[in-house]
Amino acid sequence: MKITVLAPYTFGYIDALVEKLQEYDGVEVTFIQFQDFRYEYKSIFDRVYNFILKLTHTGNLKKNYISQQVKNKVAQLDYQDYILIIRPDKLENDLLRWLKKYTDNLISYYFDAIGKFPRKANIIKYFDEVYSYEKSDISDYNLKFITNFIPSEDKPVQSIENGVFNISSRDERVWVMQKIARQLKEYNFPFKFIVRSEKPMVIDCIEVIQEYMSMEDTKKYLNEASILLDIQKDDQEGLTFRVFEVLQFKKKLITTNPSIKSYDFYDANNILVIDKEKPIIPLEFLNTTYNDIPESIVQKYRRSAWIEQVFGLK
């Protein structure tokens with residue numbers, strides 16, 4: 001089976017999926033990370049021209065460049081059994097139509113809710129199948145439901161009791177994180193909250209970094225913590241990868257997502273659902289230990305289960 005995966009930078013999660021696919025006998029995987037294709041302006045006139053193109057909705061030199069680079073890569077391949085695209089809203093319609101010539105199964109996994117990136121609704125028509133973890137999008141747009149997945153089979157290690165851990169990009173979630181940090185500080189309960197921001201800034205109780213943290217460094221912090229914090233973005237109900245890292249590393253979870261209560265791995269001892277506006281963290285929850293979840297349940301969320309559902313591989 002020949003599979004091509006196209007994706008932007010995804011904090012290593014799609015890399016983990018590709019690594020698992022490569023373990024299957026008879027599977028040939030091509031991974032194209034289109035964020036690697038960086039267009040460089042040739043002059044100030046080039047930059048002004050691109051500004052005019054975007055302003056008049058007649059083109060985009062950067063997206064045109066990405067499209068051409070992807071075409072160059074795919075044109076060198078044999079006919080593909082599947083082409084999977086993550087965040088296709090970042091790609092041009094012409095490229096999506098062109099890719100259909102190279103496979104009978106052009107599919108996509110919507111990494112975020114359509115409400116966050118409305119263009120996703122308009123490009124569903126280009127795909128044979130579109131998967132999503134947002135249940136409202138499933139019903140509204142007739143998509144196929146699938147959750148995120150546990151990103152590796154790494155065994156959990158003993159927590160070093162570094163308390164609560166979270167790493168996020170800078171957005172509206174930061175201020176919720178800060179409220180929680182101040183509460184944990186009052187308890188004298190350890191925590192480490194990290195925010196990635198392209199611009200340098202100072203946020204009380206939170207460490208700010210400008211570069212992306214590697215998956216390996218993130219795993220280190222995940223393993224050292226006893227509890228992970230998950231703050232949902234606005235207009236999103238689907239479960240983030242943080243939830244599945246909890247299952248992988250056997251950690252407790254504090255989350256603002258009440259929909260988690262409908263999943264079969266939910267355990268009130270392990271998972272605390274809080275109000276985003278008025279987060280209250282009971283001290284009792286912080287001090288109780290993790291209840292093991294049966295492997296028969298955890299197995300349903302591993303990469304192999306995701307691959308079987310999407311590609312039919314066993």
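1. In α7, the residues Arg-173, Val-174, Val-176, Met-177, Gln-178, Ile-180, Ala-181, Gln-183 and Leu-184 are buried, where buried means under 20% relative accessible area, exposed means over 50% and partly exposed lies in between, all with a 1.4 Å probe and protein chains only. Helices here are DSSP runs of H or I with at least four residues, strands are runs of E with at least two, and both are numbered from the N terminus. An α-helix has 3.6 residues a turn, so residues three or four places apart point the same way.

2. This is a predicted model, in which local features need pLDDT of at least 70 and side-chain atom pairs count only at pLDDT 80 or more, while totals for chains, interfaces and linings use all residues. Residues are numbered from 1 along each chain as its sequence is written, and side-chain values use heavy atoms, with hydrogens and water left out.

3. Against which elements do the buried residues of α7 pack? They pack against the strands β7 (164-169), β8 (191-196) and β10 (227-230), and also against the helix α10 (283-287), contact being defined as heavy atoms within 4.5 Å. The length of helix α7 (residues 173-187) agrees with expectation, because its 15 residues at 1.5 Å a residue should span 21 Å and its end C-alpha atoms are 22 Å apart; the expected span is 1.5 Å times one less than the number of residues. After α7 comes Asn-188, with a positive phi near 60°.

4. Leu-184, which is found in helix α7, is buried with a relative accessible area of 0%. Not counting residues up to four places away in sequence, Leu-184 touches Val-164, Phe-189, Phe-191, Phe-193 and Leu-286.

5. In the loop between β1 (2-7) and α1 (13-21) sits Pro-8, a residue that is buried with a relative accessible area of 7%. Leaving aside residues up to four places away in sequence, Pro-8 touches Phe-34, Gln-35, Ile-86, Arg-87 and Lys-90. The C-alpha atoms of Pro-8 and Pro-88, 80 residues apart along the chain, are separated by 9.3 Å.

6. Most residues other than glycine have a negative phi, and two residues deserve a check on that account. Phe-11, although not a glycine, has a positive phi of about 60°; its place is in the loop between β1 and α1, and it is partly exposed with a relative accessible area of 38%. Asn-142 likewise is not a glycine and has a positive phi of about 60°, but Asn-142 lies in the loop between α6 (135-141) and β6 (144-145) and is exposed, with a relative accessible area of 73%.

7. Is Tyr-131 buried or exposed? Tyr-131, in strand β5 (residues 129-132), is buried with a relative accessible area of 6%. Apart from its neighbours within four places in sequence, Tyr-131 is in contact with Ser-108, Tyr-109, Tyr-110, Lys-144, Ile-146, Gln-309 and Val-310.

8. As for the whole, the protein chain has twelve helices and twelve strands. The protein chain is as compact as a globular protein of its length, because its radius of gyration of 21 Å is close to the 20 Å that the globule rule gives for 314 residues; the radius is taken over C-alpha atoms, and the rule is 2.2 Å times the number of residues to the power 0.38. The C-alpha trace spans about 55 × 50 × 35 Å along its principal axes, and buried residues make up 52% of the 314 residues. Among contacts between residues at least 6 apart in sequence, 64% join residues at least 24 apart.
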